[in-house]
Amino acid sequence: MRAVAMQSWKNWAGLVTSTPQQVVYPSSLEEVVQVVKEASQQGKTIRVVGSGHSFTALVETDQILLSLDDLQGVITIDDEEQTATVWAGTKLKLLGESLYERGYSQENLGDINAQSIGGAISTGTHGTGIQFGSVSTQVVGLTVVTAQGDILECSETYHPELFRALQVSLGLLGIIVKVRLRVLPAYNIHYKSKRMNLNDCLNNLTTFTDSHRHFEFYWFVHTNVVQAKFMQITQEPASKNSVWNQFKKIGIENGLFWFLSEGCRLFPHLCVPISKLSAKAVPDIEEVGASHKLFATPRWVRFSEMEYSVPADKMKEVMEEIRECLQEHRFAVHFPIECRYVKGDDIWLSPAYKRDSAYIAVHMYKGMPYKAYFQAMERIFLKYDGRPHWGKLHELTSADLQERFPMWNQFKAIQKQMDPNGLFLNPYLSRLFGV
C-alpha cells in the first residue's frame with residue numbers, strides 16, 4: 001500500500017488546503033480494512049478523497065487522508081440484470097470509457113467527469129433531465145468498510161435504510177469501496193446548443209423539460225441571452241469531430257474564457273462587457289456522439305461555486321428574482337448561471353428528496369471576491385425552500401439544515417450508530433452535523 005507523509009493537499013478550486021499526517025492509497029479491500037483498524041487503534045481520524053472537486057471542506061484533515069485512486073475500473077458486469085460493479089475510486093471519465101467498451105453506458109451524468117464515482121454519489125452529483133435523478137439514484141448496491149473495520153454489503157433490499165443513508169453520505173457512514181450501478185445498453189446522444197432570449201426560455205420551461213431527455217440552460221448575467229442545451233437519444237452515427245467544434249469547446253470556452261476572466265479579476269468593471277461579449281459567442285451547433293462523451297464538457301477555468309435545489313416548478317420565479325437582484329446590485333460577475341433539472345428521489349440527504357427539483361448554480365472566477373454575490377443568491381434560494389448541494393459552498397448551520405432535510409435526524413442517528421467514535425469526522429462536518 002502506497003503512503004505519503006506530510007503532503008500538502010488542496011481542493012480543485014484552491015479554497016481548501018490542509019496538511020494530513022499521512023496520505024494512503026490502498027489497492028485492495030483488505031488494505032482499506034487495515035487502514036481503518038490501525039486508525040481506530042491509534043485514535044486517528046480518516047477522510048476519504050476522490051478528485052477534490054467539492055468546494056467545501058468535506059475532506060480537509062490533519063490526520064489520515066485516504067485516496068481510492070489505486071482502486072479503479074470495472075470489476076464485473078451482469079448482462080442479465082444490466083448492472084456493473086466498479087471500484088469506488090474509478091474516475092467518471094474512465095468509467096464511461098470502460099462501460100462503453102463493454103457495450104454499456106450510464107443513464108445520465110453531470111457536465112464534469114473528473115470526479116470518482118464514490119465521490120460523485122457521496123455528494124449528490126447530478127446531471128440534468130426531469131426524468132432522471134442524481135448519479136446516486138443509479139446505485140443499486142454498495143460495499144462499505146465500517147468504522148469497526150467490517151465489510152458490509154447493502155442494497156435496496158438488504159439493509160435498505162442504511163442504503164438510503166449511504167447513497168448520499170458525505171463519507172460519514174463508512175468507506176464506500178465498491179459500487180453496483182444500474183446501466184443501459186450503450187447509446188448515442190444528439191446534442192444541440194442554441195442561443196435564446198431569456199424570457200423565451202423561461203416561458204417555455206415546461207415544454208423544454210417535457211419534450212427532451214435532457215435540458216439545461218445558462219443565463220449570461222447582465223444580458224437577456226441564454227445558451228440552451230438539448231439532448232436526445234438517437235440511432236444516428238457519431239458526427240465527425242470537426243476541428244471548429246473542438247476549437248469552440250477548448251479554445252473559446254476554456255482558453256479565451258480564461259483570458260477574459262483574468263481581465264475581470266484585474267479590472268472588475270469589465271465583467272459587464274465581457275459577459276455581453278460571451279453571450280454573443282454562444283454557439284448554435286449540433287453533434288452526435290457517445291453519451292459519456294457529450295454529457296461532459298472540458299472545464300479548465302477554475303472558479304468558486306454555490307448550487308441550490310429548489311422545487312422544479314419554481315425555476316422561473318427564482319430566475320426572475322435573481323435577475324432583479326443583479327439589476328439592483330450589479331455584482332462584478334461574468335460567469336453565466338447554470339440551470340438544470342433533477343427528478344425527485346427517496347435518498348435521505350439528497351437535495352431532491354421527495355420533490356422534482358430545479359438546480360441553480362452560481363459561479364465566481366477563482367481569485368475574485370464571491371461572498372456578497374453568493375450571500376445574495378443564497379437568500380433567494382432559501383426563500384424558495386432551497387437545499388444546498390453538498391459539494392458546493394453555502395452558509396447554513398446544522399439547525400438550518402435540519403429544517404430543510406426531512407430525514408436529517410434519522411441520518412444523524414445512523415451516523416452515531418455506524419461511527420460512534422467519530423472516525424470519519426473532521427471539524428467542518430462536526431460543525432455541520434452538530435456532533
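Colleague: Which residues of helix H13 (residues 408-418) are buried?

Modeller: In H13, Trp 408, Phe 411, Ile 414, Gln 415 and Met 418 are buried. Because these residues cover an arc of only 130° around the axis, they lie on the same side of H13. Buried means under 20% relative accessible area, exposed over 50%, and partly exposed in between, with a 1.4 Å probe and protein chains only. The arc is that of the directions from the helix axis to the C-beta atoms. Helices (H or I, at least four residues) and strands (E, at least two) are DSSP runs, numbered from the N terminus.

This is a predicted model, in which local features need pLDDT of at least 70 and side-chain atom pairs count only at pLDDT 80 or more, while totals for chains, interfaces and linings use all residues. Residues are numbered from 1 along each chain as its sequence is written, and side-chain values use heavy atoms, with hydrogens and water left out.

Colleague: What does the face of H13 turned away from its buried side carry, and which elements do the buried residues pack against?

Modeller: That face carries the exposed residues Lys 416 and Gln 417. The buried residues of H13 pack against strand S11 (151-155) and helices H4 (160-166), H12 (398-404) and H14 (427-433). Contact means heavy atoms within 4.5 Å.

Colleague: How is empty space found, and how many cavities of 30 Å³ or more does the structure hold?

Modeller: Rolling a probe the size of a water molecule over the atoms shows where empty space is left. On a 1 Å grid over the protein atoms alone, a cavity is a set of points where a 1.4 Å probe fits but cannot get out, and a pocket is an open set with protein on both sides within 12 Å along at least five of seven lines; lining residues have an atom within 4 Å of a point. Grid points are joined across faces, edges and corners, and a volume is the space filled by probe spheres set on the points.

The structure holds three such cavities. The second largest cavity has a volume of about 80 Å³. Of its 13 lining residues, the closest to the centre are Leu 109, Thr 128, Glu 216, Met 231 and Phe 295. Strand S15 (214-219) and strand S16 (225-234) each give two or more residues to this lining, and S15 gives the most, with three.

Colleague: What volume has the second largest pocket?

Modeller: The second largest pocket has a volume of about 760 Å³. Among its 30 lining residues, Asn 113, His 292, Lys 293, Ala 296 and Pro 298 are the closest to its centre.
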